[in-house]
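Me: Hi! I've got a model open and would like to talk it through with you. Could you have a look at it?

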Amino acid sequence: MLSYIVRRLLWMVLLLIVISFLTFMIFYLLPSADPAVLRAGKQPSPELIKVIREQLGLDKPWYVQYWKYLDRLAFHFDFGTSYQNQVSVKSQIFDRAPATAGLAIGGAIVWLLIGIPIGIISAVKRGKLADRLAMGGALVLISAPVYWLGLVSLYLFSKGIGVWGVFDGAGTYPNDGSNLFNSPFTVAPTLFLPWLVLAASFAAIYARFLRGNLLEVMSEDYIRTARAKGLPERTVIFRHGLRSAITPIVTILGLDLGILLGGAILTESVFNIPGIGRLAVDSIQKSDLPTIQGTVIMGAFFIILLNLLVDVLYAFLDPRVRY
Amino acid sequence: MSTGASELLQGTGGVVGGPGDGEAEPAAAIAARSPFELFWRRLRRDKVALVALGFIALLVIVAVFAPLIVKLFGAHPPNDQNSAALDDFGSARGPGGGYLMGTDGLGRDVFSRTLYGARVSLEVALITAAVAVVIGVTLGLVAGYFRGWVDSALSRVFDVLLAFPVLLLALGLGAACALGNGCIAVNYDRTGQVLIVLGILTLVGMHGWNLLMTRRRDPDLPPLRLGEIVGRSIPGLLLLVVGLVLAVVVKKTNGALIQPGLPVVIFIIALANIPYMARIIRGQVLSLREKEFVEAAQSLGASNTRILFRHILPNLVAPIIVYTTLLIPQNILLEASLSFLGVGVQPPQASWGAMIADAATIFDTAWWYMTFPGAALLLTVLAFNLVGDGLQDALNPRSGQ
Amino acid sequence: MKRSLRWAVMLGALIALVVGLTACGGSSSNSSSTNGSKAGEPTKVDLSAGKKGGKITFLAAADIDYADPGQTYYTFGFMVQQAINRPLYSFKPDDTTTPVPDLAAGPPEISADNKTITVKIRQGVKYAPPVNREVTTADVKYAFERSFSKNVPSGYAGTYFSSIEGTPAKPNTGDIKPISGITTPDKYTIVFKLKAPQAPLVSQALVMPITVPVPEEYAKPFDAKLPSTYDQYVAQTGPYMIQNDSKGKLVGRKPGKQITMVRNPNWDGKATGDYRPAYLDGVTIEEGNDQLEVASRRTLSGNGLMCCDAGSPPAQVLKSALTSNKDQIAFVPSGGTRYIALNTKVKPFDNLNVRKAVVAGFDKNALRQTRGGKLLGDIATGWLPPGIPGFEEAGGLTQGKQYDFDTKPTGDLALAKQYFAKAKAEGVPIGSNGLYNGPDKLLTIATNADPGKKTAEVAQNQFTKLGFKLQFRIVPQDTLYTKFCGVPSQKVAICPNVGWFKDFTDPQSMLDATFNGNNILQQGNVNWPQLDVPAINDAMKAAATTPVGTERNKAWAKINDMIIGQAPAIPWIWDKTALIASKDVKQVPNGYTTVQDLSFSSLK
């Protein structure tokens, strides 16, 4: 087990290095626009550009540049400074992380609360009207782009605009540093609608996934055995079926959270929530390469990290996994 | 494997229908004698999927004949701006008065723009799916069949690609490439030449190693087979071809390889699809090559190439179709999302995502503007998902109903 | 010329005609009288005393460009600067033509030869903590010197102050160097010596934030860095200050999130003759409200809010607000012209008749619709906008009426074809349909943010209608200026999103930088059409020395006419900005910054 974890950790580090190299390529070598010119701001005199070139080390060969970049990244956790304002990308990301975390974690709770019961009911009532309706609705939700769903829900349900204005609308997330974790009661109302919208397609996916899993599991031999023993159907489903059907849910939940923690770009955009995803979009609008790069690496980091956690957790949960 | 909700758009999970996808499940079609026929027979029973298929056919017709349909309805061409259709404030006009679905903020016809939007969506979805299938299947076959170091190397590459936040990466590339003259503005002459040399070296090196080291040490190995030669040639050939393309073809086009707009989008989506497709195919091949019929073919002295193309590939057709169908709606959503975020199509081209982005600023007063492109997008994606679901059930009846 | 009017949004403002003698009043009443509606009229700025105390939150899309007075160059930055700092001169909200002495104790003294300007400053003005000492003229001198070093990239130092003796041709590298033409005979006197008789222009430019004092001993370590980090440590002299810590670091500014401004404990308006009443106890700028629609709705329905840094609220919000919340809206003329620059150095726009054809054929009304229609501006016909001295002399709203191609607000295709035909005789490829038919794809660089993007899309459509083929590129606004349109070597043919807005109110400042052939720069160029006509250049040289007054206005009005005759660009709007505030807020727009004046606005 330990060696497995160590192996995974080493692989994670290697993965991060490769990803850092790729992002380096994308943001330093690919663009035909000169980073020094971008950095030079509104009055890019040739002298200023030259000095910045030296400052950023752009006059050095690319492998030296990459080494320095990696060095800063790995040992100082330093993504550089935003072109837009003189603020470090790191502090910007840290500033924004709570909003994204609040959105993602709250959303996850909502979609689990909705998705799991529906999945179970659908499996139990397989083929019945309830099942068909639920699965049909799920497929519609999966097919709807989240930003469109966001706009429609704002149009229908946001205060001041909506036909049934019951929820706080877009742009109500407080900007004064309060977040879901330090002042839940002021922030949560502004997140209700985003949570629902974000959770819609996930809930649909989880319901479908759980239903499929449960049906699969229910045809296994040990379930048949349990039934044959005369156990009540309820016990069969909840004690035996659900237990193994839900394990894969943990996996995808981890992976989905990993991706969302790197920024729920679309939901944050539509609802104007100042999270990491919004940061990325804003910096893209302004060609602020260091910030974009920082958000990409953070995003990849979360994905890899959660992958690792899930694998390790899975090893604990499912004794059949060999490592 | 992730779920691929539209916020994620990792393209890694498609729409997860059940445990039937991925590597765990051997292809169900193997047992049957004519798997494809069986598959088709099952699908025909699925009425919903057939209706969805009909909708897709209709959509294709709409996309192809968009100009004709616009004329037929007496609508305005998609890029025609009519400031007279706007009010004093320059705000969009609702449905009516010659505008079936109203106008956008520039006085353009939402109806015809929605029709033309189908073109972009389908174009992107089909091109990226085709690229993903060709490259993904090739890589998956190679990795799954030859295993060993080729497999490990390729699998690691897929891992890296799958670890990227696709949407973020796409945004980054889109932004980086939107500046100046696009991306990868290298010296194509020299890069191409270097790649050609590298390709030749790889070719020589891999065969040389095989002949000089491995085979000399182990003279009992069976004689060289075509498949082995082809397999070992693939990396070198790939480099060679890319080099040739760069040095001969791209050199002549001015500017950079990846231009802002749709090319960036297609590049990114294809890149995100390849590892997904390759992994699935690899898993299928891994299990297929252990089957009796492969062993039988091998014992009869069939070459690797023959086994791959005659015995394994036909068994992959059904899963390829299913997973491609599941990829397409994801790709449509991804294109729309990128256009929504401003790194997709370039104006004045109409794309559903870009239209929704436009509509987002006036969504509370111009309900028609966000409704129609959004509904078109929803229906299209839904249709593909339904067909994909139907196909999956047909392929793997246990996971359905 | 007094432009002292608040905009009557209410119907009751029919009386706005009364003030028709002023530039803007005259202009706007012309434009909207056709409709009978008076919405969009300038309303009289109400300077009656406000309630003291309370706090206001300003909803902004993004951060200010700089807090550093030497670097800030955008309206929103100016708004904050006016609250936290005192330049030598500044404008009261209701009068944007005659500056009032701010840090200065009286009007500038100009020598007879127009080559020396002497300014005396007030005694007892103190910096906010942690600097805490009295302001001297040495601080103003240092402020100029640092703005001419490349560590402090100033957007305009070279444009308006390069005639001061001893200023470097290019920003200094390395240390900040003294400028010989600026001397401080004593702690409260500063003297500017000029190379050329440019005192009329320079003395009026002393309202710009470059004249905000910067304490050298405090700022030096920050300015030694490249670029200077003084932006995070600005010393403040205004009634308000961005919250800072004991080292002076502006901890109250969290870029992209918010700026917290509180009262400056060292500010004593009465003792130091500050005209600002400073009613509010504090202002918080809340950033990240980049959905203008949401922000403006929130402002209109909320409490204690003002909006927006990014321009007028969207048309549909304005439309409904004009019927239900009209007291909460104020219109301010932007004092600038937006235009589509045609690069006169690039084919086919090197041909005058092609340019005239384009100007004649363009539907400027369609362009204006993208910014909210006629309420939000008059169609521009020249380059001296309402509110700028010389506007009347140039012909008011019908500048350039002697040119047939300049007087077609909705475009005249037949006239365009006439000019294309003339161009054909000069060898320009014109097709059989009478429109342009060249093979070249004209590089067009547009902005990626609305409403500019919409404008560019309309322009794209219009150019296509006239037969041009475009290579249409969308980039961020900054990139548009710094990497493309402002760099002649990029050979950008069309810049659809440029505009020139007053830095201060002088006709020369509107025309000299933007159309003088001698002012074409290789980097940061603002003569976007790269117009270089010797007759115009010479006329500008002569007019520059004309003292402030009617003669000066007439001279520049004539130059304006000459420029229109060259059709270097398509002017399309002299726009107005609609400012909004919550019901309980008495917002006071400042005609100079064209946003609300934080030191005059108050809670009701």
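This is a predicted model: local features need pLDDT of at least 70, side-chain atom pairs count only at pLDDT 80 or more; totals for chains, interfaces and linings use all residues.

Me: What about contacts in chain B, what share is between residues 24 or more positions apart?
Reply: Taking contacts in chain B with a separation of 6 or more, 76% are between residues 24 or more positions apart.

Me: Let's switch to cores. Which residues have the most contacts inside the largest nonpolar one?
Reply: Those are Ile268(B) and Ile356(B), in a core of 312 residues. Helix α8 of chain A, residues 184-218, gives this core its largest share, with 20 residues.

Me: Nice. What does Ile356(B) touch, leaving out residues up to four places away in sequence?
Reply: In chain A, Ile356(B) touches Tyr147(A) and Trp148(A). Its partners in chain B are Phe340(B), Met370(B), Pro373(B) and Gly374(B).

Me: Which residues are in the other core, the one apart from it?
Reply: That other core has 50 residues, including Leu342(C), Ala366(C), Val428(C) and Phe484(C).

Me: Last topic, then: how many residues do chain B and chain C bring to their contact?
Reply: Chain B brings 19 residues and chain C brings 26 residues. On the chain B side, eight are nonpolar, 10 are polar and one is charged.

Technical notes
Residues are numbered from 1 along each chain as its sequence is written. Chains are lettered from A and ligands numbered from 1 in the order in which they are written. Two residues are in contact if their C-beta atoms, placed from the backbone, lie within 7 Å. Ala, Val, Leu, Ile, Met, Phe, Trp, Tyr, Cys and Pro count as nonpolar, Asp, Glu, Lys and Arg as charged, and the others, Gly among them, as polar. A nonpolar core is a set of buried Ala, Val, Leu, Ile, Met, Phe, Trp, Tyr and Cys residues joined through C-beta atoms within 7 Å. A residue is buried if 20 or more other C-beta atoms lie within 10 Å of its own, exposed if 12 or fewer, and partly exposed in between; C-beta atoms are placed from the backbone. Helices (H or I, at least four residues) and strands (E, at least two) are DSSP runs, numbered from the N terminus.
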